[in-house]
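Trainee: Hi! Could you walk me through this structure?
Mentor: Happy to, let's look together.

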Amino acid sequence: DCSELFSRGVTTSEQALQRLGVVVHECGHIFDLHLNSGSTNVYVLTESLTKTCERGDSTDRRGDTFARSRITGDEYSAMRPPCGGTRTPGCDSYADIYLDGNPDDDEFEGGDQGFNFLHEETVQYVNSIATAYAFLDQEPPGRRTSARDGILTFLWYTERYLRMARLEYPNAYERIAMDPCWRDNILTVWGRAWLFLELTKDMPELSINGAEIEALVNTPELLEEIQRLRDLEGC
């Protein structure tokens, strides 16, 4: 059972509440992956809303997109570079986990996955901030979490991925932006993310470097990538 798997060692209610974010996030992944089939990706957003889109993985993995780790080579990466295992102030520790590896070698690493799994992480980081918001009153006084940092980082990755796709990988952009399923999927998750970011904007307990990352998300030419999707959607 997924909830048991990620709750091992928990013996008190306080521990259970502190582990809840991990349970929701990781079990969300497992639930979606259980529903996936071949080149079809399923994203359960709410009890009544599920998105099912095709061929979102990288071309090396039966899809039409490119390895998500390639965005570390764009002009925005230097604004918050991967930490590379260090604790350098202003570095991106999420990149070490999700944008790792070399997509041009023969060794598989998480960063070799395409847009579909970048989006899957974005979906679950929305769930993470929603969980943190719902149970904030149960947190020990003075404790701070990175709930806002996580989802803001993946919104930034989404913008950067879209921009790189549009400028350098036209087939990937065709799949993501011109496919009504992916386009609506991205905009729906983007909206859900900002719903919780607005609800938590005055909650410093849920942020460590959130303000700095939010400034990067709000870079005008990156926000323009989302507006392009809205224009295509007729919003």
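This is a predicted model: local features need pLDDT of at least 70, side-chain atom pairs count only at pLDDT 80 or more; totals for chains, interfaces and linings use all residues.

Trainee: Let's start with helices H4 and H7. How do their axes cross?
Mentor: Helix H4 covers residues 115–134, and its axis comes within 10 Å of that of H7, crossing at roughly 25°. That makes H4 roughly parallel to H7, because angles under 35 degrees count as roughly parallel. H4 passes H7 in a left-handed crossing.

Trainee: Which residues make that contact?
Mentor: On H4 they include Phe115, His119, Val123, Val126 and Tyr133. On H7 you'll find Trp182, Ile186, Val189 and Phe196 among them.

Trainee: And what classes of residue are in the contact of H4 with H7?
Mentor: There are 13 nonpolar, five polar and one charged residues.

Trainee: OK, what about H4 and H5? At what angle do they cross?
Mentor: The axes of H4 and H5 cross at roughly 155° and come within 8 Å. H4 and H5 are therefore roughly antiparallel to each other. The crossing of H4 past H5 is left-handed.

Trainee: Which residues meet there?
Mentor: From H4, the list includes Leu118, Glu121, Tyr125 and Ile129. They meet residues of H5, including Ile151, Phe154, Leu155 and Tyr161. By class, the contact of H4 with H5 divides into 12 nonpolar, three polar and two charged residues.

Trainee: Switching topic: which residues of helix H6 are buried?
Mentor: Helix H6 runs over residues 170–177, and Ala172, Tyr173, Ile176 and Ala177 are buried in it. Looking down the axis of H6, the buried residues fall within an arc of 105°, so they line one face of the helix.

Trainee: Now some single residues. Where is Arg183, and is Arg183 buried or exposed?
Mentor: Arg183 lies in helix H7, which spans residues 180–199. Its relative accessible area is 10%, so Arg183 is buried; the cut-off for that is under 20%.

Trainee: What does Arg183 touch?
Mentor: Leaving aside neighbours within four places in sequence, Arg183 is in contact with Ile176, Ala177, Met178, Leu229, Leu232 and Glu233. Remember that Ile176 and Ala177 are buried residues of H6.

Trainee: Which helix holds Tyr98?
Mentor: Tyr98 is found in helix H3, residues 93–98. With a relative accessible area of 11%, Tyr98 is buried.

Trainee: What is Tyr98 in contact with?
Mentor: If we set aside neighbours within four places in sequence, Tyr98 is in contact with His25, Arg68, Gly110, Gly111, Glu121, Tyr125 and Phe154. Glu121 and Tyr125 of H4 and Phe154 of H5 also take part in the meeting of those two helices.

Trainee: How far is Tyr98 from Thr131?
Mentor: Their C-alpha atoms are separated by 21 Å, and the two residues are 33 residues apart along the chain.

Trainee: Last one: is Ser128 buried or exposed?
Mentor: Ser128, which is found in helix H4, counts as buried at 15% relative accessibility. Apart from its neighbours within four places in sequence, Ser128 is in contact with Gly21 and His25.

Key:
Residues are numbered from 1 along each chain as its sequence is written. Side-chain values use heavy atoms; hydrogens and water are left out. Helices (H or I, at least four residues) and strands (E, at least two) are DSSP runs, numbered from the N terminus. Buried means under 20% relative accessible area, exposed over 50%, partly exposed in between (1.4 Å probe, protein chains only). Contact means heavy atoms within 4.5 Å. Axes are lines fitted to C-alpha atoms, for helices over the stretch in contact, and angles run from 0 to 180 degrees between N-to-C directions. Angles under 35 degrees count as roughly parallel, over 145 as roughly antiparallel, 65 to 115 as roughly perpendicular and the rest as oblique. A crossing is left-handed if the near helix is turned anticlockwise from the far one by less than a right angle, and right-handed if clockwise. Ala, Val, Leu, Ile, Met, Phe, Trp, Tyr, Cys and Pro count as nonpolar, Asp, Glu, Lys and Arg as charged, and the others, Gly among them, as polar. The arc is that of the directions from the helix axis to the C-beta atoms.
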